[in-house]
Amino acid sequence: MRTQRQVVDYSLQKRAVLRELLAGRVGTYDVCDASPYLKNAARFHGEPTDRRCPICRSENLTLVHYIYGDELKQSAGQARTLAELPVLAMTLSEFQVFVVEVCLGCDWNHLVEQYLLGRDGLTGDGDVAGEQDVAGTGGVGRRRREAQR
């Protein structure tokens with residue numbers, strides 16, 4: 001997705017949690033604590049992966065995408081499918097996406113990454129590729145092309 005920006009990856013934190021679990025400093029019940037709401041979101045809105053659960057190793061992980069933002073109003077905090085995110089990114093100026101991996105077998109869950117999406121990411125320096133200012137018109141040509149879309 002080309003509007004994705006300010007990506008934060010939590011893979012180092014995940015490795016640290018798994019290391020603590022293997023060392024015995026953290027119990028399985030402490031890390032396998034997915035709520036019923038998260039498990040339902042994974043069933044109905046999740047994206048299945050081909051990666052095995054690091055705890056039970058019998059189930060594949062499911063990714064759940066939660067969205068937050070001021071423009072979302074009552075929809076903030078809802079799980080969305082991956083296919084819905086580009087549509088929302090073109091209609092909203094900015095919202096945040098949190099990606100959580102869930103194992104439906106043992107209830108393992110961990111925040112994988114977070115990032116921003118939205119139209120604000122499309123206009124980096126003012127001109128979109130191929131739409132430069134037309135011969136001193138002050139951007140009128142570009143605005144005219146945008147209005148025709």
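Author: The largest nonpolar core has 12 residues: Leu63, Ile67, Leu72, Leu85, Leu88, Ala89, Leu92, Phe95, Val97, Val99, Tyr115 and Leu117. A nonpolar core here is a set of buried Ala, Val, Leu, Ile, Met, Phe, Trp, Tyr and Cys residues joined through side-chain atoms within 4.5 Å. Buried means under 20% relative accessible area, exposed means over 50%, and partly exposed lies in between (1.4 Å probe, protein chains only). Helices (H or I, at least four residues) and strands (E, at least two) are DSSP runs, numbered from the N terminus.

Before we go on, please keep in mind that this is a predicted model, where local features need pLDDT of at least 70 and side-chain atom pairs count only at pLDDT 80 or more, while totals for chains, interfaces and linings use all residues. Residues are numbered from 1 along each chain as its sequence is written, and side-chain values use heavy atoms, with hydrogens and water left out.

Let's start with a member of the core. Leucine 63 touches Gly46, Glu47, Thr49, Arg51, Val99, Val100, Glu101 and Val112, leaving aside residues up to four places away in sequence. Contact means heavy atoms within 4.5 Å.

Now to arginine 80, found in strand β4 (residues 79-80). With a relative accessible area of 14%, arginine 80 is buried. Again leaving aside residues up to four places away in sequence, arginine 80 touches His45, His65, Ile67, Ser75, Leu85 and Leu88. Its side chain also joins that of glutamine 78 through a polar contact of 3.1 Å. A polar contact is a pair of N or O atoms within 3.5 Å; within protein, one must be able to donate a hydrogen and the other to accept it, and residues adjacent in sequence count only if both atoms are side-chain atoms.

Helix α3 (residues 36-45) is our next stop, with Leu38, Lys39, Ala41 and Ala42 buried. Seen down the axis of α3, the buried residues fall within an arc of 160°, so they line one face of the helix. That arc is taken from the directions from the helix axis to the C-beta atoms. Cover for the buried residues of α3 includes β3, β4, β5 and β6. On the face turned away from the buried side, α3 carries the exposed residues Pro36, Tyr37 and Phe44.
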